[in-house]
Amino acid sequence: MASKPFSEEDLSCPVCCDIFKDPVVLSCSHSFCKVCLQQYWGTKGSRECPVCRRRSSKEHPCLNLHLRNLCETFLQERSQRASAGSEVLCSLHSEKLKLFCLDDKQPVCLVCRDSKTHKTHNFSPIDEAALDIKEELKIKLEPLRNTFKTFKKVKLICDQTSAHIKTQTQHTEKQIKEEFEKLHQFLQDEEAARIAALREEEEQKSQMMKEKIEKMSREISSLSDTIRVIEKEMGADDITFLQCTLQDPERVSGALINVAKHLGNLKFRVWEKMQEIVQYTPVTLDPNTAHPGLILSEDLTSVRDSDERQQLPDNPERFDLSADILGSEGFNSGTHCWDVEVGENTRWNVGVMTESLQRKGDFYSMSGLWFVYYKDGEYRAGSPPQPSTLLTVKQKLQRIRVQLDWDRGELSFTDPDNNTHLHTLTHTFTERVFPYLSMGCNLSPLRMLPVRASVKVELHSKR
């Protein structure tokens, strides 16, 4: 008959309730962990058995080798069973983790439940606790998933922005080179023209001097003959000699190159002439704020609506709902003026917008926007959240002039073609505002008009 295997209880120390470690046996046949027994005796102050209270005559009981071997075999077999079944056991007692300590928030075994560490704690079956925790995790996981999606979206925008930066740099560099090529060509043409003018003057004056030299040569030859005649006639009577007169040769005036004409204030004269090919636009548009449905001109002075949406980074500065765009420079003081050509467009907005007003979504009902707009054949002035004001306009506008007096808090709109005042909006500005445009059709671009550049020279006289 097969012998009955030892149970975990048979191999547990009565003091620590754990599997024996270095078991010793007393004369009463009870066994204990060596350390547990020594600690118990130290606490009691006498050498008595923790189970039957019988006194032991030996200060150092004998080691129970047979029991130790049994314990080691039991632990080894249990470990193998646990490995084979992928079962997680208690690290302290090598028992199945059947309970969950609600106070310490950790799984425990039945032995742990009865130990001093968890004696006063509350427990739940580990399966129930696992379900409860899974439900809590599901709830907590949802915001994490949303955050994960947000991070992925922002990373995609960052990737797009990084690629767009390279595209912007290449395109901008190309434009800079083209603009400087125009300036280089102008300077080369101007240099060639001025050198040609110098060569022409040289040729004219050299020809003049050649003709003068030839004339002088003829006169010298004639004078030589005259001298011989005079020397011959010197022997004649005095009256004939006295009648012979000689004229001095003509001196040549203005024969030298007019160096001052060619070099005097040369750089300034070239700069002054350069104004004929250079335009100055008070307001240029910022492509980083443009709605993806808008297309800007190369010089950033006009914008048109497109049927296709461009693939552009969704940066915070960019409008995303309607076809809006801002000027590249904002104003927080002083007076400023710019003209916008609206042409035959049937829907547009022209005005200013604060720097802090949101660019995403619908912002037309929020404070921070002042503009004149044309829609459904009507001209109106808007200053949200106030209702719009209907404007009386006698003839269709082709251009509109915006005049901003930031310090006085006035924004005026006029028709520059006939110098007619349209409307003035008042507001106490407290932050930077930017020129604002919006369009709702693609008949023609909205264009920021240039003004004539001028060079001012201040003359200083000594007193």
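Is Lys138 buried or exposed, and what is its relative accessible area? Some notes on the salt bridges follow.

1. To start with that lysine: Lys138 comes out exposed, at a relative accessible area of 53%. Bear in mind that this is a predicted model. The side chain of Lys138 pairs with that of Glu135 in a salt bridge, with 3.9 Å from N to O. Glu135 is partly exposed, at 44%. Both residues sit in helix 4 (residues 126-233), three residues apart, or about one turn of the helix.

2. Helix 4 has another pair of this kind, Glu173 and Lys177, which are four residues apart and so separated by about one helical turn. Their salt bridge has its closest N and O atoms 3.2 Å apart. Glu173 is partly exposed, with 39% relative accessibility, while Lys177 is exposed at 53%.

3. Asp339 is buried, its relative accessible area being 13%, because the cut-off for buried is under 20%. Arg401, at 26%, is partly exposed.

4. There is also a network to look at: Lys44, Glu48 and Arg53 are joined into one by salt bridges that share partners.

5. As for the overall tally, the structure holds 23 salt bridges.

Terms used:
Residues numbered from 1 in each chain as written. Predicted model: local features only at pLDDT ≥ 70, side-chain atom pairs only at ≥ 80, totals over all residues. Heavy atoms only, no water. Salt bridge = Lys/Arg side-chain N within 4 Å of Asp/Glu carboxyl O. Helix = DSSP H or I, 4+ residues; strand = E, 2+ residues; numbered from the N terminus. Buried < 20%, exposed > 50% of the residue type's maximum accessible area, 1.4 Å probe, protein only.
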